[in-house]
Amino acid sequence: MQINGEAMLDSKRLTHLERLEAESIHILREVVAEAEKPVMLYSVGKDSAVMLHLARKAFYPSPPPFPLLHVDTTWKFRAMYDLRDRMARESGMELLVYHNPEAQERGINPFDHGALHTDMWKTEGLKQALNLYGFDAAFGGARRDEEKSRAKERIFSFRTASHGWDPKNQRPELWNLYNAKKNKGESIRVFPISNWTELDIWQYIHLNDVPIVPLYFAAERPTVERDGMLLMVDDDRFPLKDGEEPVMRSIRFRTLGCYPLTGAVESKARTLPEIIQETLLTTTSERQGRAIDKDAGGAGMEKKKQEGYF
Amino acid sequence: MSDADVIYKTDALIAEDIDQYLEVHQHKTMLRFITCGSVDDGKSTLIGRLLYDSKMIFEDQLAALESDSRKVGTQGQEIDFALLVDGLAAEREQGITIDVAYRFFATEKRKFIVADTPGHEQYTRNMVTGASTADLAVILIDARKGVLTQTRRHSYLAHLIGIRNIVLAVNKMDLVDYSQEIFDTIVGEYTDFANSIGISSFTAIPISGFKGDNITGLSDHTPWYGGPALMEHLETVEVDQVSDQEKPFRMAVQWVNRPNLDFRGFSGQIATGIVKVGDAVRVLPSGKTSTIARIVTMPGGAGPASGSGGDGDLDTAVAGQSVTLCFADEVDCSRGDVIAAADNPPQAADQFEATIVWMADEEMLPGRPYWLKLGTQTVTATIQQPKYQVNVNTMEHLAAKTLDLNAIGIANLATDRQIVFEPYERNRTLGGFILIDKITNATVAAGMLHFSLRRAQNVHWQATDVSREFHAGLKNQRPAVLWFTGLSGAGKSTIANIVEKKLARMNRHTFLLDGDNVRHGLNKDLGFTDADRVENIRRVGEVARLMTDAGLVVITAFISPFRAEREMVRQMMQPGEFIEVHIDTPLADAEARDVKGLYKKARSGELKNFTGIDSPYEPPEDPEIRIDTTTLTAEQAAEEIVRRLIP
């Protein structure tokens, strides 16, 4: 291809989403080429939805050559389980669902056990699942703009045999060259959408018709207000306190987790453009609706990650 | 906050017409940049300011920021923007940034990714890491201090990694009363330095990150400055992506996509150039050619990467895109190969000169094998002792035996097999590499290839205590290579065999390397193309050289048709040890003898590339010994050769 008039006509400036997409696809393919047994951690949220879509694009017409792993807490919204099963079918990927047997046995739940709930179902559950199947690389949908300690985490993030993260001892990442060689017992967390922001995610979902859980769109739903959070009564396991009565409100969720831990926002945004509009006009950050970041001050997430939280 | 109007005006559009807003933002481009400066230059404050002014800070974060500012801030009662940026707990306690962190903000024209890199000397590796993906570098200078050692260091590193867009942000102008004179002096001093290291242009902007001057709009405090404001410059500067598309097409193959027997695609991210359906391409290093039959991406959705409104297949794809290519023919191609424009392919080589940035605590070991990853190729590489190390503060070249943490040096390296490459300055993807320690698996260095070395400029030799002179002395002889050359059937093997017997009877330690025999073993992977003939001779030459090191008299019997390769072997040997013996037989005589029946086969076309028939023989112009087989018998010829060797 010489520099001539014809070639110049074909040149184009890639948009920010095109550059982000190409980078993510490159990362996904590198892992598949170099890891022995990769897996995609699928949490059913919007970031997972985009990550899954990118994986399908990266390997098309093959289905992504790795399974989806859902480390479940049994406390997700019902609509999340529906979408999870549908996406596994549509993508032609194997879906692995893991429940920490100890958490299950002890009946760990977010109402009675607070922080232990996240710790046992998610942090411990994830470690157990990775050990059980022997996955050496796990894709996660974390973004660097979510939280300060994420901003410094590499795209290929190494974990010790006990799944700990050492922020002081990270491998330098240059150009688009990723060193996927690991020591015995080590595993890699790979974050293909590290460089996406919340707005990028929404725009991409909008432009690509990426399927997401309907809970992101506003609808009339039964809610109670508790500790300054609007909680949705998703099933009859929700223990109502004396005097509490579910109230129908037009709500939606900016982030999805376990329904008893995830605060809704009152909203009328029923379309993606309306959601994006609301996101842009809002004045609070995304994870504020989640209880998990509030422990241990500004260093809460970093501490959790050192202990093995994704 | 009047300066922020430029950014805030988009807010109205969000509220009034979100579809219009999305349409605008769908066409945004992206700029990745790094900020370089020391702890005191106000780097974190500037980034915090950019985030704040582009409305990337939410109320809850702002509330936390205000409370943190009062608790641990360094700006009294005012907001300490740096606290937005300094992430990890340990750093917050120390009040410094110690790693590479990435920040994001956007305006209506662009999305920005900022690599925030520290200014401490011991963290060269972090800056090189952050710079490797950057389109632009912002070099921060404290207006009160001017051009410092670290300014030179940051500029050198940015230039080294190939960043062509440099912004000199003269910060803290509020603390020097917005003095034009001070600004001009700093710019003048910087210009001299920049020119001296090869930076041909840069954009200097007087700013105050703390007060917000000339960040999002031009400041009333600097009426003498005509612009642009920092944000305006970042929004409009041209990125390298466009010039990358003007280069010849190259794509490193990451993964072969083979869902069933009917589909075989090669997936990768296009490094440079443009590819279209119907383009002729060449697969490197094999050199096989084909034509692009399809450029595949997933159908469905009006995806940004589809480019054609939801169709999966593309007509054209450009540098930066991740695609899957299908060929019109069955051509071998796998991970590590490079697909390139057929008429303008890159080269493959196994010896290079490179710049190496050492990034590990453990120093570099010349001669130790490391993994080298370049594009999608991973090979074993050994590095020679550096030619020199660069002092990043003074740009002086220093002698060095090794490189330690954060050292930058120039060295030759050799790979265990050929890799497809281009000089880094032409192609970051095919010229940039990392080195990985084979034991710890750590990334120990980054490097940039300059050029490949010619074969003769060889890798450093391991010194041995038992010298070649000692070997030769033990055998009481002078090592030599009797290099027989001539047409097939000239009598090379026959004569060589008699020569060896005569030498053996004279108690000489000899070894005969015969063409046919070597092709059964060492060179059985080689055919009879010109390239393979060259490689055949190169290998035999290397073996012969090792044998002369061992003190032997080596006799070789190969057609060795090309002068260049015989000359190459001559250059490998010690002066006087290479003795070229031309077994000179007219083609007609050799063909008439045809002891192996090969000429007959060649004439009938059954045998291709036969020397003298359809492949050339270049006779020696001035051989040490010339044997005319039309006048001498084999025995007489051998007698003559031994007499010349041992008078």
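Predicted model: local features only at pLDDT ≥ 70, side-chain atom pairs only at ≥ 80, totals over all residues.
Two open sheets of chain A can be described in turn. One has six strands in the order β3-β2-β1-β4-β6-β5 (chain A), and its pairing is mixed. At its edges stand β3 (95–98) and β5 (156–159) of chain A; each has a single partner strand, so one side of each is left without a neighbour in the sheet. From one strand to the next, the twist of this sheet averages 30°. Within the sheet, strand β2 (residues 68–71) of chain A pairs with β3(A) in the parallel sense, over four bridges. In this pairing Leu68(A) stands opposite Leu95(A) in β3(A).

The other sheet is also open and consists of four strands in the order β8-β7-β9-β10 (chain A), with antiparallel pairing. Here the edge strands are β8 (229–232) and β10 (265–266) of chain A, each of which pairs on one side only. Strand β7 (residues 219–226) of chain A is joined to strand β9 (residues 247–252) of chain A by five bridges in the antiparallel sense. Two arginines face each other across these strands, with Arg221(A) opposite Arg249(A) in β9(A).

Chain B is assigned four domains: domain 1 (2–238), domain 2 (244–341), domain 3 (347–452) and domain 4 (468–645). The contact between domain 1 and domain 3 of chain B takes twelve residues from domain 1 and eleven residues from domain 3. On the domain 1 side, two helices of chain B each give two or more residues, namely α7 (124–131) and α8 (149–160). The largest share of that side, six residues, belongs to α8(B). By class, the side of domain 1 of chain B that touches domain 3 comprises five nonpolar, four polar and three charged residues.

The two chains also meet each other. In this contact, 73 residues of chain B touch 65 residues of chain A. The side of chain B that touches chain A contains 33 nonpolar, 26 polar and 14 charged residues.

The nonpolar cores complete the picture. In soluble globular proteins, nonpolar side chains tend to be buried together. The largest nonpolar core of this model has 197 residues, of which Met40(A), Ala137(B) and Ile139(B) touch the most other members. Leaving aside residues up to four places away in sequence, Ala137(B) touches Phe33(B), Ile34(B), Cys36(B), Ala131(B), Ala158(B), Ile163(B), Ile166(B) and Val167(B). Another core, of 36 residues, lies apart from the largest one and includes Leu552(B), Val553(B), Val554(B) and Leu645(B).

Note on methods. Residues numbered from 1 in each chain as written. Chains lettered and ligands numbered in written order. Pairing = 2+ DSSP bridges. Contact = placed C-beta atoms within 7 Å. Nonpolar A, V, L, I, M, F, W, Y, C, P; charged D, E, K, R; others polar. Domains from an automatic or database assignment. Axes fitted to C-alpha atoms, helices over the stretch in contact; angles between N-to-C directions. Core = buried A, V, L, I, M, F, W, Y, C linked by C-beta atoms within 7 Å. Buried ≥ 20, exposed ≤ 12 C-beta atoms within 10 Å, placed from the backbone.
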